[in-house]
Amino acid sequence: MRVQSLTLVAASAALVAPTTSPPVVRTPETVRTPEAVRPHEAVRPHEAAGPHEAAGPHEPAAAAREGTVLAADLLAKVRDCAPVSNGRYRSDDGTPADIAVCGRRDAVFWKADMDIDCDGRPGLLCNETTDPSFSDATAFQQSDGRQLSAETLPYIVVPTAGDIWDHREHGVRGGSVAAVIYQDRVQYAVVGDTGPHDIIGEASYATAQALGIRPDPRGGGTDSGVTYIVFKNSAVSPIEDHVEAVAQGEALAREFLREN
């Protein structure tokens with residue numbers, strides 16, 4: 001639930017830490033049986049580098065590729081925006097409110113920056129020392145009751161429901177499946193946390209690392225170029241099952257290309 005303010009970015013300090021590995025996933029009753037996803041295609045970010053190659057926050061590990069749906073095909077489907085939000089969001093404190101949440105029949109999407117969310121269960125990479133804005137809680141929890149791990153679970157952050165947009169009215173809840181696109185890469189994730197009611201564009205350490213974006217919570221992320229597509233009425237259970245998120249995400253992405 002953290003936002004990387006412009007002041008924090010300016011005060012970013014260099015960190016070096018070992019990488020950890022991301023997680024595992026499931027499917028909802030509202031989703032069709034996933035099309036075949038070859039297990040070897042759901043590569044985890046830590047597997048993209050050698051087994052002993054630690055990539056610090058300033059040097060993200062080589063980006064992994066998940067599934068076979070092309071970023072270009074998904075981006076072509078979300079080129080035009082039919083706003084479903086009542087207003088627009090900021091990317092950071094002090095920036096213009098110019099980001100709308102857009103809608104299609106089966107998904108909502110927005111194009112923004114990516115700030116790094118390191119909240120949740122403390123680890124080597126995400127803790128009070130590495131992140132001055134660290135919170136040990138996420139809006140949604142694992143099946144065992146523990147907080148999510150930002151450094152191992154690819155998840156995105158949605159704004160807290162408010163006057164601008166109530167994500168729940170569009171079938172978006174904790175565990176909803178998202179396709180996060182950066183350059184030519186697609187990373188599947190779940191909705192894992194909520195943020196400020198007027199700011200959008202944030203994802204977990206693991207999401208950024210998998211996309212080749214600098215995951216340092218002190219000034220990492222990217223200022224633009226990230227597209228977030230969240231599939232309506234989808235759900236991964238347990239929320240921490242990333243393998244299931246990839247399987248569902250691939251099937252939903254293909255359905256989105258066919259039907260929207």
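The structure holds 6 salt bridges, a salt bridge being a side-chain nitrogen of Lys or Arg within 4 Å of a carboxyl oxygen of Asp or Glu. A search of the whole structure also finds 2 disulfides, each defined as a pair of cysteine sulfur atoms within 2.5 Å. This is a predicted model, in which local features need pLDDT of at least 70 and side-chain atom pairs count only at pLDDT 80 or more, while totals for chains, interfaces and linings use all residues. Residues are numbered from 1 along each chain as its sequence is written, and side-chain values use heavy atoms, with hydrogens and water left out.

**Salt bridges**

- Arg105 and Asp106 meet through their side chains in a salt bridge, with an N to O distance of 3.1 Å.
- Arg105 is exposed, its relative accessible area being 53%; here buried means under 20% relative accessible area, exposed means over 50%, and partly exposed lies in between (1.4 Å probe, protein chains only).
- Another salt bridge joins the side chains of Arg168 and Asp166, N to O 3.0 Å.
- Within this pair, Arg168 is partly exposed at a relative accessible area of 46%, whereas Asp166 counts as buried at 15% relative accessibility.
- The side chains of Arg185 and Asp184 form a further salt bridge, with 4.0 Å from N to O.
- Asp184 has 45% relative accessibility and therefore counts as partly exposed.
- As a general point, side chains of opposite charge can pair when their charged atoms come close.

**Disulfides**

- Counting bonded cysteines along the chain, the disulfides of the protein follow the pattern 1-2, 3-4.
- Cys81 lies in the loop between helix H3 (71–77) and strand E1 (102–103), and Cys102 lies in strand E1, so the pair ties together parts that are 21 residues apart in sequence. Helices (H or I, at least four residues) and strands (E, at least two) are DSSP runs, numbered from the N terminus.
- The torsion about the S-S bond of Cys81 and Cys102 is about -95°, which means that this disulfide is left-handed.
- Cys81 is partly exposed at 40% relative accessibility, whereas Cys102 is buried at 5%.
- The disulfide between Cys118 and Cys126 has an S to S distance of 1.9 Å.
- About the S-S bond of Cys118 and Cys126 the torsion is about -65°, so this disulfide is left-handed.
- Cys118 is buried, with a relative accessible area of 0%, and Cys126 is buried at 1% relative accessibility.

**Nonpolar core**

- The largest nonpolar core has 58 residues; such a core is a set of buried Ala, Val, Leu, Ile, Met, Phe, Trp, Tyr and Cys residues joined through side-chain atoms within 4.5 Å.
- Leu74, Trp110, Met114, Ile156, Ile229 and Phe231 touch the most other members of this core.
- Two or more core residues come from each of H3, strand E2 (107–117), strand E3 (155–159), E4, E5, helix H4 (205–210), E7 and H5.
- E2 gives the largest share of this core, 7 residues.
- In soluble globular proteins, nonpolar side chains tend to be buried together.

**Backbone geometry in loops**

- The peptide bond from Ser237 to Pro238 is cis, with omega near 5°.
- Pro238 is located in the loop between strand E7 (222–231) and helix H5 (242–259).
- Asn233 is also found in the loop between E7 and H5. Although Asn233 is a residue other than glycine, its phi is positive, near 55°.
- Asn233 counts as partly exposed at 44% relative accessibility.
- Gln183, which is not a glycine, has a positive phi of about 55°. The loop that holds Gln183 runs between strand E4 (177–182) and strand E5 (185–195).

- Asn127 is placed in the loop between E2 and E3, and Asn127 is buried, with a relative accessible area of 15%.
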